[in-house]
Amino acid sequence: MEAIQVAQYESDASDEEIVEENYDTNGNERSSKKREPKCWVNENTFDNAGEAEASIGNERSKHYTNYTENGKVVYYRCDKAKRRGSQCEARIYLLYHADSDKVTVYKTEVEHGNHHDKLRGVDRNKYGTYIISLGESEEWCKNNLNIPTDPNKPFVVSYKILYNDEVYEDDQDIEDDGENKFRIFISFICLLNIASTSSHIHANATHKLVWQGYPVLIVETTDLNKSFHPFGLATCSNGKTEDFEIIFNSIQIGMQVINKDLLKPTASISDAADAIKNGFRNVFNNEYNQIMCWAHMKRKVEHRICQINDKDIRKEIMEDIEMLQLSNSVPVFILASTLFIKKWNMNNKQQNRLILDFLEYFDNEWFQSNDG
């Protein structure tokens, strides 16, 4: 592993927090100690943020954020230590690379300090362990397959559990590592009824909703008031194309359960993840528009544009991008995007390399690869 030594970044704490931390519990001023630089070790590099964040586990939380030329850096603290006071020396930070979607995890070369064994948050002695076996999950699914009479009661629409010693039915699973896999989709009759009238589908995955760190997949729609209406949620052992494909298939199964026609969506809204786009295409093979989620796109652009040194130029470029998002038709968007590139190439008479790099990135990523 590559070891690098960097100066410790100071938190953006308020003056009140700094003053409070400089005094002990009796109000006496503490003597300040010079911080030693930490030795950070390159632990691993992941292809996307979800995998990197899931690797941290559930015993850490975000502490503070820093922005560098290489990308955004998010530091994590150990939850076994109190937020106010001395922190555990076993620290982690994530580097979100500015020039790609990759995320690198760095750790310090020290062990956890002597904290209380009880994890802050859920009292496991009171509520029991959060660990559940694959067999228990399968038994729970079997017990909740029956369609309830109450439309507001959840049930398992479909599930698929594969043990590592089973014969796999499809080629995609055979190509994997042969380990245990599970895919479970849960919904309500009332939510499936909403889905039956929907023409556009949103899909996303998060890794922060379950203790075990597995992705939770959300499928939903929006109304004219910009309110979200979920169709259900799924948890899977992974977030690959076949996982999303099974989840989208589960919605079609749900339509059959409530005696409705199969969905033929006219639009798919998601981030730039190929797993979502490919899974959607494999299930809904009718013609539809692929639309890029504005919130995801904006966050990625803001993460990349911070490399431009001039704050006023950054601000003006972002304002122009926000205007692009208001295009009400494909021809208008194509014309506006052409004028956007032309404007900033003309304004950049000094041939600022950072601006040129950003324009090239924006054109390739958002006009060519993900132009929805």
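Buried means under 20% relative accessible area, exposed over 50%, and partly exposed in between, with a 1.4 Å probe and protein chains only. The model is predicted, so local features need pLDDT of at least 70 and side-chain atom pairs count only at pLDDT 80 or more, while totals for chains, interfaces and linings use all residues. Residues are numbered from 1 along each chain as its sequence is written, and side-chain values use heavy atoms, with hydrogens and water left out.

**Exercise 1. Loop residues with positive phi**

Task: Classify Lys226 as buried or exposed, and do likewise for Asn259.

Solution. 
Step 1. Lys226 lies in the loop between strand E10 (216-222) and strand E11 (228-236). Helices (H or I, at least four residues) and strands (E, at least two) are DSSP runs, numbered from the N terminus.
Step 2. Lys226 is not a glycine, yet has a positive phi of about 65°.
Step 3. Its relative accessibility is 74%, so Lys226 counts as exposed.
Step 4. Asn259 is in the loop between H7 and E12. Its phi is positive, near 60°, in a residue other than glycine.
Step 5. Asn259 has 70% relative accessibility and therefore counts as exposed.

**Exercise 2. Helix H8 and its surroundings**

Task: State which residues of H8 are buried, what they pack against, and how H8 is oriented to H7.

Solution. 
Step 1. In helix H8 (residues 274-283), the buried residues are Ala275, Ile276, Lys277, Gly279, Phe280 and Val283.
Step 2. These buried residues pack against strand E9 (200-206), helix H7 (241-257), strand E12 (267-270) and strand E13 (289-292). Contact means heavy atoms within 4.5 Å.
Step 3. Two packed helices are described by the angle between their axes and the distance between the axes. Axes are lines fitted to C-alpha atoms, for helices over the stretch in contact, and angles run from 0 to 180 degrees between N-to-C directions.
Step 4. For H7 and H8 the angle is about 45° and the axes are 8 Å apart. The two helices are therefore oblique to each other; angles under 35 degrees count as roughly parallel, over 145 as roughly antiparallel, 65 to 115 as roughly perpendicular and the rest as oblique.
Step 5. H7 and H8 cross in a right-handed sense. A crossing is right-handed if the near helix is turned clockwise from the far one by less than a right angle, and left-handed if anticlockwise.
Step 6. From H7, Thr241, Phe244, Glu245, Phe248, Asn249 and Gln252 meet Asp274, Ala275, Ile276, Asn278, Gly279, Phe280, Asn282 and Val283 of H8. By class, the contact of H7 with H8 has six nonpolar, six polar and two charged residues. Ala, Val, Leu, Ile, Met, Phe, Trp, Tyr, Cys and Pro count as nonpolar, Asp, Glu, Lys and Arg as charged, and the others, Gly among them, as polar.

**Exercise 3. Helix H10 and two neighbours**

Task: Describe how H10 packs with H9 and with H12.

Solution. 
Step 1. Helix H9 (residues 294-305) and helix H10 (residues 311-324) have axes 11 Å apart at an angle of about 160°, so H9 and H10 are roughly antiparallel. Their crossing is right-handed.
Step 2. Trp294, Met297, Lys298, Val301, Glu302 and Ile305 of H9 meet Arg314, Ile317, Met318, Ile321 and Glu322 of H10. This contact has seven nonpolar, no polar and four charged residues.
Step 3. H10 and helix H12 (residues 353-369) cross at roughly 20°, their axes coming within 13 Å, and are therefore roughly parallel. This crossing, too, is right-handed.
Step 4. H10 contributes Ile313, Ile317, Ile321 and Leu324, and H12 contributes Ile355, Phe358, Phe362 and Phe367. The contact of H10 with H12 comprises eight nonpolar, no polar and no charged residues.
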